[in-house]
Amino acid sequence: MASVKILGSAYATPNTQHENTHFVLQGSHGNILVDCGANPTVRLEQAGISFDSIEHVIFTHFHPDHVGGAPLMLMSMWLMGRTKPLNIYGLEHCLNNLQQLMGMYSWNMWPKFYEVNWHVVPDGDDQLVYAGEDFHITGWPATHFVPTLALRIRDKSAGRVLAYTCDGSPCESLNRMAVGANTLLHEAAGEGFGHSSALQAGQLAGRVGAEALYLIHYDVHQRDQHFGGSSDRDMIGSARQNFSGRVEIVEDFAEFEI
Ligand SMILES: [Zn+2]
Ligand SMILES: [Zn+2]
């Protein structure tokens, strides 16, 4: 059975206990990284995951809290002796910008760099991102400030589905993306254009009849002032107004099954 290992759970501003939101999909045949925190290879090491086990990286959108660590990760993997190819997936907007960013570092001058394969995901509903032995992943547009991929991730061995909203305010394509999902990983940065609250996450989880709702990409500074207290109760209580399944606020290094 496939699982999700959280490497970071913070929204745009991290703190000492919470990196920016990024995570690993762990299958029987390999691992897929979704987005990059500030220092991905260190986070992987802390999580006990070999950087070399990452063969695929999906970038959801070109915001610093999601791609900021990508140049350092690409360089670190090379300096640590990577030889196997790395596959990178994302929307054209994101991959073009990332390639330009790497160009500013003159990475084409770095000798014996491992092979990087770029896979542009078309914008639109139900677009194939990745199909492999463990996972079948499709992309769906999220309503955010830049073109953004929400992900519908099917664990092929168990036939279960994880819906990840990424950053976005409620919209029809997220509703379609999450239909029939067993598990919903939903941002909870707060209500407003381009983002969602825990209440809105609960509404989506209730609408699609998910079993579990995991809240991520939340305000860690506010939460740490009231850890386990009013802020947590507010978020979980808000989510439960429209959803009777399991609700958890994920922490860095938390792990759950799809
Ligand atoms: Zn974000
Ligand atoms: Zn964003």
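Me: Which residues of helix 6 are the buried ones?

Reply: The buried residues of helix 6 are Ala198, Gln200, Ala201, Gly202, Gln203, Leu204, Ala205 and Val208. Before we go on, this is a predicted model, in which local features need pLDDT of at least 70, side-chain atom pairs count only at pLDDT 80 or more, and totals for chains, interfaces and linings use all residues. Residues are numbered from 1 along each chain as its sequence is written, and chains are lettered from A and ligands numbered from 1 in the order in which they are written.

Me: What makes helix 6 "mostly covered"?

Reply: Eight of the 11 residues of helix 6 are buried. Helices (H or I, at least four residues) and strands (E, at least two) are DSSP runs, numbered from the N terminus.

Me: Why is Arg154 called buried?

Reply: A residue is buried if 20 or more other C-beta atoms lie within 10 Å of its own, exposed if 12 or fewer, and partly exposed in between, with C-beta atoms placed from the backbone. Arg154 has 20 C-beta neighbours inside 10 Å, so Arg154 counts as buried. You will find Arg154 in strand 9.

Me: Why does Asn15 count as exposed?

Reply: Asn15 has 11 C-beta neighbours inside 10 Å, so Asn15 counts as exposed. Asn15 sits in the loop between strand 1 (3-8) and strand 2 (22-26).

Me: Which residues does Arg154 touch, leaving out those up to four places away in sequence?

Reply: Arg154 touches Phe135, His136 and Val161 on that count. Two residues are in contact if their C-beta atoms, placed from the backbone, lie within 7 Å. His136 also stands opposite Arg154 in strand 9.

Me: How do you know that strand 8 and strand 9 pair?

Reply: Two strands pair if DSSP finds at least two bridges between them. Strand 8 (residues 135-142) and strand 9 (residues 148-155) have eight bridges, in the antiparallel sense. Strand 7 and strand 8 also pair in the antiparallel sense, over four bridges, and they form a hairpin with three residues between them.

Me: What is the strand order in the open sheet of seven strands, and why do strand 7 and strand 13 stand at its edges?

Reply: The order is 7-8-9-10-11-12-13, with mixed pairing. Strand 7 (127-131) and strand 13 (246-249) each have a single partner strand, so one side of each is left without a neighbour in the sheet.

Me: Where does helix 6 pack?

Reply: Helix 6 (residues 198-208) packs on the sheet, touching strand 11 (183-188) and strand 12 (212-218).

Me: Why can the buried residues of helix 3 be placed on the same side?

Reply: Those residues are Ala70, Met73, Leu74 and Met77. They cover an arc of only 100° around the axis, which puts them on the same side of helix 3. The arc is that of the directions from the helix axis to the C-beta atoms. As a general rule, an α-helix has 3.6 residues a turn, so residues three or four places apart point the same way.

Me: What is the largest nonpolar core made of?

Reply: A nonpolar core is a set of buried Ala, Val, Leu, Ile, Met, Phe, Trp, Tyr and Cys residues joined through C-beta atoms within 7 Å. The largest one has 72 residues, and those with the most contacts inside it are Leu213 and Leu215.

How values were computed: Axes fitted to C-alpha atoms, helices over the stretch in contact; angles between N-to-C directions.
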